[in-house]
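Student: Could you help me learn to read how the parts of a structure pack together?
Tutor: Gladly; let us look at it together.

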Amino acid sequence: MATVVVPVDVPALPVMGSRAVVRCDLAGSREALRRAVSAGLGEDDLVYFALWGRAVERQHDAPSDGVADRVLASIRDDGTWASTLAAFALGRIKPADLLAAAPSPSKQAEATFYVALDRRSHGDRAGADAGFKQVAAGAGVDLLEADLARQMLTPRVPLSPPPSVAAIP
């Protein structure tokens with residue numbers, strides 16, 4: 001049987017992964033991480049896909065498929081921001097330590113976002129929303145996480161139209 005190789009659209013991966021975390025789409029987040037690994041992205045990028053995937057697994061109370069854990073464990077503990085995020089995700093450092101380790105305003109916003117995402121994945125919606133609001137309101141920070149924070153705070157719109165709209169010919 002021939003194997004079909006589907007090319008990975010690397011520029012589209014962050015959109016795929018971030019959309020999955022906002023929608024809490026377990027299959028989508030796992031697929032985005034799998035594709036990011038297959039594309040050979042570096043640990044500076046993979047750490048974000050792993051953080052998103054792990055958070056979604058926790059929100060679903062789903063058993064881990066192991067990919068996010070393997071990615072996080074493979075990141076060298078060398079003092080880089082990626083290694084600090086991985087240490088947080090693996091429970092090696094506490095939220096306060098992650099926030100204290102952020103070396104710049106943009107990394108502070110990222111740290112706040114990932115602490116909030118972790119809180120949301122553990123069922124602390126109020127704590128998560130407070131963090132998301134802080135990131136979304138951050139001045140001068142143009143980050144994917146700021147956009148994600150705004151989306152996390154936006155009320156969910158049903159994907160299917162209500163019956164009264166669906167019935168319109």
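Student: Which residues does Phe-113 touch, not counting residues up to four places away in sequence?
Tutor: Contact means heavy atoms within 4.5 Å, and on that basis Phe-113 touches Phe-132, Val-135, Glu-145, Leu-148, Ala-149 and Met-152. This is a predicted model, in which local features need pLDDT of at least 70 and side-chain atom pairs count only at pLDDT 80 or more, while totals for chains, interfaces and linings use all residues. Residues are numbered from 1 along each chain as its sequence is written, and side-chain values use heavy atoms, with hydrogens and water left out.

Student: Which residues of α9 are buried?
Tutor: Buried means under 20% relative accessible area, with a 1.4 Å probe and protein chains only, and helices are DSSP runs (H or I, at least four residues) numbered from the N terminus. In α9, the buried residues are Glu-145, Ala-146, Leu-148, Ala-149 and Met-152. Seen down the helix axis, they fall within an arc of 160 degrees, taken from the directions from the axis to the C-beta atoms, so they line one face of α9. These buried residues pack against α1, α3, α7 and α8.

Student: Which residues touch the most other members of the largest nonpolar core?
Tutor: A nonpolar core is a set of buried Ala, Val, Leu, Ile, Met, Phe, Trp, Tyr and Cys residues joined through side-chain atoms within 4.5 Å. Here the largest one has 44 residues, of which Val-47, Phe-113 and Leu-117 touch the most other members. The largest share of this core, nine residues, comes from α3.

Key: Buried means under 20% relative accessible area, exposed over 50%, partly exposed in between (1.4 Å probe, protein chains only). Helices (H or I, at least four residues) and strands (E, at least two) are DSSP runs, numbered from the N terminus.
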